Amino acid sequence: MGSSSSSSSSVIKWHLLHRPPTSKLVVLLRLFLLLWIFSVYHTTVAALADSDKSVLLEFKKSVSDPSGLLSSWNSIGSGYCSWFGVSCDSNLRVVSLNITGNGSGGNSNSFSCSDFAQFPLYGSGISRSCSASSRGKLVGKLSPVIGKLTELRILSLPFNGFDGEIPSEIWGMGNLEVLDLEGNSIAGRLPVQFNRNLRVLNLGFNKIEGDIPSSLSNSVNLEILNLAGNRVNGTVPAFVGRLREVYLSYNSLSGSVPSEIGENCGKLEHLDLSGNYLVHGIPRSLGNCGELRALLLYSNMLEESIPAELGRLQKLEVFDVSRNSLSGSIPSQLGNCSQLSVLVLSNLFNPLPKGKFAEDNSSLEQLNSMNDDFNYFQGPIPEDITRLPNLRILWAPRATLEGGFPNNWGACDNIEMINLAQNFFTGEIRNSLSHCKKLNFLDLSWNRLTGKLVEDLPVPCMTVFDVSGNFLSGSIPEFFNSTCSSNPFWSEFSSQPDNPSSLYQAFFASQTQDGNALQLHGEDGDITVFHNFGHNNFTGTLQSLPIAPERLGKRTSYAYFAGENKLTGGFPGSLFEKCEGLDALILNISYNKLSGQIPDEIGTMCISLKFMDASGNHFTGPIPPSIGELVSLTSLNLSWNILQDQIPTSLGQIKNLKYLSLSGNNLTGSIPSSLGQLHALEVLELSSNSLTGEIPKFLENLHNLTVLLLDKNKLSGQIPSGLANVTTLSVFNVSFNNLSGLLPSNNSLMRCNSAIGNPLLRSCMYSLAGPATDPQGRVGDPQSYAASPSGVPTEKSGNNGFNSIEIASITSASAIVSVLLALIVLFFYTRKWNPKSKVLGSTRKEVTLFTDIGVPLTFETVVRATGSFNASNCIGNGGFGATYKAEISPGVLVAIKRLAGRAKEFFTAGLWDAGPQDDMVEVLHLAVVCTVDSLSTRPTMRQVVRRLKQLQPPSC
């Protein structure tokens, strides 16, 4: 027992003695295993990291890099995580590839940072990183090798020159969260399947085609979708409502805006569907999108009215529905959108792109050709809207709004731009706007406003103040000067994507400046301040320029228009008191009742005077010689006054003069040879004076001359033959002078109808005794070949022929008789022999024009100038009738639309019976406005029809 016990004890002791060594072995084994795993892991990580590095180098080889953006990418060393555009995680795996190009050079078809200027309203809420300061861009096709960067979460290569399709290997990257390829030339269609982890898909401004796959809705984490500026068609998918930001503008999307968008839109902040072909109405369900900050629907074909439910969008900041076909009243519920800062109901400026981008995109080019503002609302602007506390821009020109002008603008602490031009507002402009200290743009032109202007309007601080084309009366106030340091000039407006109102401010400011009427006279400088009081009933004398002292001395160009009023007094020298602080002064005081002489010292009164139109007044006396000291002048119009004496030779000192009109005065003497020094001259109008002598030969050397009007003078001698070689000349008239010799040969311009009333001008003599024949025996109108010496007809004598004066007299008398007969027939026909109709007074009815054509326009002159709408003057036909050319006076051509066919539906018998004279003037006014050159002034056909319906008198 003892030995057994001893043996057992020894075994136990052995085990006890050997336990520690056994435990240490296990620990060592475990430690070895951990070291092995760690070693394998790091080997794997290093291998994968090396793989990422090799992928990057392979990607570098696949692209063209003319600017060396990837010059830091090389195989020497292992610091690839510090390469340009590369970011890694803690395991040295590439998680972000972010290389922004500048879009210039390389592939000329790719989008450029500078091309964003063609999309002035794009990017509201987008923090764009496009920068022309980038060194260059990458060019080529996207390599499938990028798909081997398995940990890549951000692939951002905007504004480079990548073309072709996106490889399927990139679409299949499981960890990719951001795919940003904006501003390249990526083509093809979107894939059928998308990565479920995708949060941002930005393919804006590429060449993506086809529709938006419904499978994109499976990307449950998607927040931002930008497909703007592509060629995407189909319909707007309903699932976009659950996203946060949606940019689908400038595509070819059609159909209606799905109401389902508003059923699950709790996160939607930005919805931009502008520049498409969307139809029908704006869904009422959008009122459910409580987080919506920007709703842009402009430049579509939307109809019906603005839903009142949108008034529930209390976070809405920007709402633009311009350039659609909306109707109905403006819902007062929009006044509940307390954060609303930009409200655009109509817009005469086309925001769609032009140039290369539009030409490369046929759908955009088509949309451009048909895009206009067809919105025709009814009723007034609700005061609930004008009282909005955060409102900065209210833009609704030519929206057919009517009623009293809104005079409740609340505290108006933030309002900066108001454009309600070309509507039907009535009433007075009261002092409620006087408290709007930030207001710098106010356009109320071409309404029916009456009364006087209040003196405390902040006009001196406004960049744009336009009340032209109304019925305002009283004197033009001096206005109280006020502090206006916070009001910017046009040039100071800049687009800030994170500030939506700044995009609209910059766009409206630049478009207003580019579309300024001064462009017609060659003015290409900046007009930084523009105040227009023209086309009203203002009386009294002109005071000092209403511009604040803070705006002087800053290279300010100031345009002051007060033409076509009833202003009296002498030459308004007081307007020149602030000239020293101006870089340029543009002045229009035409067609008033100003009288007296032009001051002798005018040349020293305003050296910065660049444009002066004082035509149509009663100024007398000579043109002072000192006028030649106004060396900054580019345009001078003193026509249709009572000026006398000779044309001052000092005018030749104004080297930059482009436009000179002295027509319709009593000027005598010869045309001074000093005018030959005006090599920049484009328009020279000296007609309807008593000028004598010959047409000077120096006119042949004015190679920029486009208009030359010398008719109705007493000029003699021959027409300089070299005028036929002035290729820029497009308007030429020397009629009713005493010219002789031959008419210079110019097949397209110098014809006998531009030289009538010159009995001694041999090229244009012909007889009524028989058809004229040339030496070759050709029979026909001598005017068709009068420019050629061989085309001179034989002048006959004796009782069988008439001289040129007799021919002109007979022709004129015949024309007058024909017109009178046509008017009599037209009168009785339109009156339908109604015995109740009364012939009203024969008051001469003038047609109000938006642009000054230089002569009064009446119904009688329209009929006369078209030859009673003779077919020989017809230049085109349309669905609403024929268009006729009419030379209202020598050198003044207009187009006249004579409504017919379907248009007759809008002229009821009552329209004519209730007082055709007044209504006919209104109709002629509409017709003339329809033919003006400026699209921003020309009304749409829908607006014309609506106005014609308004002219219909009430039934008895």
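**Disulfides of the chain**

Modeller: Cys579 and Cys606 are joined by a disulfide, with an S to S distance of 1.9 Å. This comes from a predicted model. The link of Cys579 and Cys606 is left-handed, with -85 degrees about the S-S bond. Cys579 sits in the loop between strand 30 (557-561) and strand 31 (584-588), while Cys606 sits in the loop between helix 7 (602-605) and strand 33 (609-613). The pair thus links distant parts of the chain, 27 residues apart. Cys579 and Cys606 are both buried.

The count of disulfides comes to 4. Another of them is formed by Cys265 and Cys289, whose sulfur atoms are 2.2 Å apart. Its torsion about the S-S bond is -100 degrees, and the link of Cys265 and Cys289 is left-handed. Buried means under 20% relative accessible area. Cys265 has a relative accessible area of 2% and is therefore buried; Cys289, at 0%, counts as buried too.

A disulfide also joins Cys412 to Cys436, with 2.3 Å from S to S. Here the torsion about the S-S bond is about -105 degrees, so the disulfide of Cys412 and Cys436 is left-handed. Cys412 is found in the loop between strand 23 (402-404) and strand 24 (417-419), and Cys436 in the loop between strand 25 (424-427) and strand 26 (441-443); the pair therefore ties together parts that are 24 residues apart in sequence. The relative accessible area of Cys412 is 7%, so Cys412 is buried. Cys436 is at 0% relative accessibility and so counts as buried.

Cys337 counts as buried at 0% relative accessibility, and Cys461 is buried with a relative accessible area of 1%.

As for the setting, the chain has 956 residues, and buried residues make up 53% of them. There are 12 helices and 47 strands in the chain. Of the contacts with a separation of 6 or more, 57% are between residues 24 or more positions apart. The accessible surface comes to about 41,200 Å², and carbon and sulfur atoms account for 53% of that surface.

Definitions and conventions. Residues numbered from 1 in each chain as written. Predicted model: local features only at pLDDT ≥ 70, side-chain atom pairs only at ≥ 80, totals over all residues. Heavy atoms only, no water. Helix = DSSP H or I, 4+ residues; strand = E, 2+ residues; numbered from the N terminus. Buried < 20%, exposed > 50% of the residue type's maximum accessible area, 1.4 Å probe, protein only. Contact = heavy atoms within 4.5 Å. Areas by Shrake-Rupley, 256 points an atom, 1.4 Å probe, with all protein chains shown as cover. Disulfide = S-S within 2.5 Å.
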